[in-house]
Amino acid sequence: MSTTSTVDRAFAAALYADTEAALDTGASLLAADPAADAEVARRGREFVAGAWRRGWQPADVVRLTRRELEDAHVRLLARLVVEEHEEGQASAKPQPPSPRWAAQLDDVRALAARPARTDRFSYATAALELYRLLLRLPTLEPLDRPRAASTPHHPESRMLARVRALLAKAEATGFPEEAEALSAKAQELMARHSIDEALLAARAHSKDAPGACRIGVEPPYETAKAVLLDAVARANRCEAVWNEALGFSTVVGFEADLEVVELLHASLLVQATTAMARAEAAQRKGGRKRTKTFRQSFLAAYAHRIGDRLAAVADAQVAEAEAEGEAAGAGGPGSGAPGPGLLPVLAARDVAVREQFTRMFPETVTTRVRGVSDAAGWRQGSEAADRAQVRARPRLPS
């Protein structure tokens, strides 16, 4: 019996049926034929390439595999993703990945480097379960994979590197006052970065268009987390839509703003989780057991209130930058501030983002946060949002 025949029989038995018996039959066939291993891996790479053609990215398939299967499947997937990429780079016409795709590949390589020891039957079972998942992936809205040769690749700015470092320290410290100070510095840098990038692009008559990225929205309480992400996106001139079934939101915007949304959302989520744990501890001291409704209400209130605060802060930051630009144009103080014309530049970018969002998602529906019935949770979530670090501070020296 040929190797191809063994694989065909195993796939026919296991990939198109959901029963355990079918899976065992397929795994037994593969485990009994070591010569089939190379063909199984080759077809796995084909399944991965098929996921890319259907709009998925490395981080997306890793996130879904981790959610639906187990760690062994994630490691197997990571190896297939790396091998598929290397195979493509060795082809006659390799396509360079976009910066975002390249960063995801780096994360996947770290997973692929982890050793996996298992018997042949277990390995074959994991491969077939993974291939079942990849085979049934739905088609997503395409984002980016290859980068056109004419598109310059700008490495991460020193400012964003500083922001990442500040937020990492804020999340790691056990001292609330230090975390607040670090978050405040990061927020100021992020706001200035977004405005400066918009003005630089306008002055250079850049042909840049809005892009998009996907951000995981993990359970529990994913509805409230998706609302928080939507609030952060809107405050940073982006649009977000949540795919509840697949556990992510797609954010549409210009690249500088997408980076800010990713960073600020992650930081606020850490702040919210920390504040919720602190509030629950106080509730337990008062004799009340923690409940699911308390946590859901807390996070829903936090997201609602933080949205109001972010919108107000964003408007204030734009007004300040516009005033500084007018002063600089008149020869006044702050000659290093952004120049005049900020409002028309931002308005044009808003229109471009909305048009791109509508092209990608012509039909969307709204949803409600369910299970918000705990008054104490809502009150304390709102109070935590008021304490969260979102306000801009006086400009820091560069």
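The following exercises, with worked solutions, concern a predicted model. Local features need pLDDT of at least 70, side-chain atom pairs count only at pLDDT 80 or more, and totals for chains, interfaces and linings use all residues. Residues are numbered from 1 along each chain as its sequence is written, and side-chain values use heavy atoms, with hydrogens and water left out.

**Exercise 1.** State how many helices and strands the chain has, and what share of its residues is buried.

Solution. Helices (H or I, at least four residues) and strands (E, at least two) are DSSP runs, numbered from the N terminus. The chain has 14 helices and 3 strands. Buried means under 20% relative accessible area (1.4 Å probe, protein chains only). Of the 398 residues, 46% are buried.

**Exercise 2.** Describe the aromatic pair of Phe-47 and Tyr-131.

Solution. Rings of Phe, Tyr and Trp (its six-membered ring) pair if their centres lie within 6.5 Å; planes under 30 degrees apart count as stacked, over 60 as edge-to-face and the rest as tilted. The structure contains 6 such pairs. For Phe-47 and Tyr-131, the centres are 5.2 Å apart and the planes make 45°, a tilted pair. Phe-47 belongs to helix H3 and Tyr-131 to helix H7, 84 residues apart. Both Phe-47 and Tyr-131 are buried.

**Exercise 3.** Determine which parts of the chain the pair of Trp-52 and Trp-101 ties together.

Solution. The pair is edge-to-face, at 5.0 Å centre to centre and 80° between the planes. Trp-52 is in helix H3 and Trp-101 in helix H6, so the pair ties together parts 49 residues apart in sequence. Trp-52 and Trp-101 are both buried.

Terms used: Buried < 20%, exposed > 50% of the residue type's maximum accessible area, 1.4 Å probe, protein only.
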